Amino acid sequence: MQVRFDEIPAEGREFEIKDTSWFPAEEIQPIGPVQARIFLERRGEDRVFLQGALVGQVRLICDRCLEEFDCRLDQEFRIDLELADQGAALLDAEAEHACQGSEMDVMFLTEPLIGLGGILAQQVFLSLPAKRLCSEDCQGLCPHCGANRNIVRCDCHEAAKNSPFAILKKLQH
Ligand SMILES: [Zn+2]
Ligand SMILES: [Zn+2]
């Protein structure tokens with residue numbers, strides 16, 4: 001799914017991406033269909049404005065209890081794609097400048113070719129929560145016996161309070 005700058009007409013061009021071959025599936029499992037739309041608009045010789053939306057559902061693993069849970073993806077994004085062919089030094093300077101108070105993401109390309117799949121995969125990661133929890137009040141795993149405290153109530157906490165050797169005793173039984 002590569003689009004060359006010269007394939008984009010002045011009035012813009014919309015892409016509806018139905019296959020999910022671009023999905024970063026090794027790390028994240030999509031559940032059901034993923035809908036992706038990208039609109040590209042030419043803004044001069046070396047600039048393309050990209051607007052997109054991504055809707056779907058993924059299966060994640062909870063950071064606390066390690067159980068799987070489903071998380072909805074609903075991401076809208078705008079990226080200013082700029083062709084940078086004047087050397088790395090300028091690229092760095094511009095990148096720094098772009099970070100200051102700019103609301104729109106700027107992405108520099110080394111050739112006039114847009115990889116839609118890579119952009120979508122990146123947006124999947126950006127839309128995921130930094131802390132992946134099955135629920136806000138997930139109780140997590142017991143650090144002593146490993147029980148999922150959302151499901152079972154182990155007595156480790158009580159035992160540990162009574163004696164530091166209580167767990168050892170329990171294991172010897
Ligand atoms: Zn959890
Ligand atoms: Zn326990």
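I began with the aromatic rings and found one aromatic pair in the structure. It is formed by W22 and F23 and is tilted, at 5.2 Å centre to centre and 50° between the planes. I looked up the burial of both residues: W22 is buried, and F23 is buried too. I note here that the model is predicted.

Next entry: zinc ion (ligand 1). I listed its protein donors as the SG atoms of C62, C65, C134 and C138, lying 2.3 Å from the ion. Along the sequence I read the spacing of these donor residues as C-x2-C-x68-C-x3-C. I then checked the angles: the four donor atoms subtend 105 to 112° around the zinc ion (ligand 1), so the arrangement is tetrahedral.

Next entry: zinc ion (ligand 2). I found its protein donors to be C142, C145, C154 and C156, each through SG, lying 2.3 Å from the ion. I noted the spacing C-x2-C-x8-C-x1-C along the chain. C145 and C156 are a pair that links distant parts of the chain, 11 residues apart. I placed C145 in the loop between α2 (116-127) and α3 (156-162), and C156 in helix α3. The four donor atoms around the zinc ion (ligand 2) subtend angles of 106 to 116°, so I recorded a tetrahedral arrangement here.

C156, with a relative accessible area of 4%, is buried.

Key:
Residues numbered from 1 in each chain as written. Chains lettered and ligands numbered in written order. Predicted model: local features only at pLDDT ≥ 70, side-chain atom pairs only at ≥ 80, totals over all residues. Heavy atoms only, no water. Donors = N, O, S within 2.8 Å, 3.2 Å for Na, K, Ca; no water. Tetrahedral: all angles 85-135°; square planar, octahedral: opposite > 155°, others 65-115°. Helix = DSSP H or I, 4+ residues; strand = E, 2+ residues; numbered from the N terminus. Buried < 20%, exposed > 50% of the residue type's maximum accessible area, 1.4 Å probe, protein only. Phe/Tyr/Trp six-rings, centres within 6.5 Å; stacked < 30°, edge-to-face > 60°.
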